[in-house]
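Trainee: I have a new model open and would like to learn how to read it. Could you walk me through it?

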Amino acid sequence: MVLLSTGVRSNIDLLERSNLPFNKGALVDDNMMVAEDVYASGDIAEHHNVTYGIIPPAIEQGIAASKNMVMHGSSTYNGSIPTNTLKIAGFDFTSVGNVNSKEETEYEVIRAKSPLEGKYRKVVLKNNKVEGIIILGLKGEAVATNKLVNIHADVSSFKEKLSDINFSLKSILTSK
Ligand SMILES: Cc1cc2nc3c(=O)[nH]c(=O)nc-3n(C[C@H](O)[C@H](O)[C@H](O)COP(=O)(O)OP(=O)(O)OC[C@H]3O[C@@H](n4cnc5c(N)ncnc54)[C@H](O)[C@@H]3O)c2cc1C
């Protein structure tokens, strides 16, 4: 199976007819402000060159934007860790964080798989800390996957085990 993810394109028709700054989306600062009295969040917002195109960042941005609309400067948005969970051809798939780093750089990638069982895991580390994880066919591991990326868990003592598909990510959390 080959899955092509071609990205998200914001509908910028309205922006093109405005005097507001935009690129892929409306350019927002860390207060989600585009221009005086104009705030943006969600698919239309471009924050530090990123338009996320998924719900969790849209909610986080919306919260920051609405607080700043009431009192400018009261909330700072520092970006989101992208998370996607879906079912592809019957397989549960979750992708969290930075999963596309080049292996020859400062990042380290540890893969585990069991093709016959339809299971796959890719863990991306930077200085032994978790930067991103992809899991396929490992539905029960989704919550642990999210947590490990969000806390940038140090997995120095689990690195050998990560290449074993039967090793559960949950056990890293319970050992801490
Ligand atoms: C098919 C599909 C599946 C998706 N599945 C997922 C998923 O599983 N998980 C996930 O996290 N994300 C998913 N997304 C992405 C998610 O839907 C968006 O990231 C999210 O809805 C963005 O929220 P938003 O408020 O920025 O925009 P929207 O939810 O698109 O809301 C924008 C609103 O503005 C209205 N609007 C547009 N133009 C105007 C105008 N000129 N005047 C007044 N109103 C206007 C629109 O009608 C709409 O109601 C999916 C998207 C698509 C298309």
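Trainee: What percentage of the 176 residues of the protein chain count as buried?

Mentor: Some ground rules come before that. This is a predicted model, in which local features need pLDDT of at least 70 and side-chain atom pairs count only at pLDDT 80 or more, while totals for chains, interfaces and linings use all residues. Residues are numbered from 1 along each chain as its sequence is written. A residue is buried if 20 or more other C-beta atoms, placed from the backbone, lie within 10 Å of its own, exposed if 12 or fewer, and partly exposed in between. Here, 24% of the 176 residues count as buried.

Trainee: How many helices and strands does the protein chain have?

Mentor: Helices (H or I, at least four residues) and strands (E, at least two) are DSSP runs, numbered from the N terminus. This protein chain has 4 helices and 9 strands. Read from the N terminus, their order is α-β-β-β-β-α-β-β-β-β-β-α-α.

Trainee: Which domains is the chain divided into?

Mentor: Domain bounds come from an automatic or database domain assignment. Domain 1 spans 15-70 and domain 2 spans 83-174. Their centres, taken over C-alpha atoms, are 30 Å apart.

Trainee: Which residues of helix α3 are buried?

Mentor: In general, an α-helix has 3.6 residues a turn, so residues three or four places apart point the same way. In α3 (residues 142-150), the buried ones are A144, T145, L148 and V149. They lie on the same side of α3 because they cover an arc of only 130° around the axis, the arc being that of the directions from the helix axis to the C-beta atoms.

Trainee: What do the buried residues of α3 pack against?

Mentor: Contact means that two C-beta atoms, placed from the backbone, lie within 7 Å. The buried residues of α3 pack against β6, β9 (129-136) and α4 (170-174). Just after α3, H152 takes a positive phi of about 45°.

Trainee: Which strand does β5 join, and do they run parallel or antiparallel?

Mentor: Two strands pair if DSSP finds at least two bridges between them. Strand β5 is joined to β6 (residues 91-97) by 6 bridges, and the two run antiparallel. K87, for example, has D92 in β6 as its bridge partner. The hairpin has 2 residues between the strands, and A89 takes a positive phi near 45° there. Strand β5 (residues 83-88) is hardly covered, with 0 buried residues among its 6.
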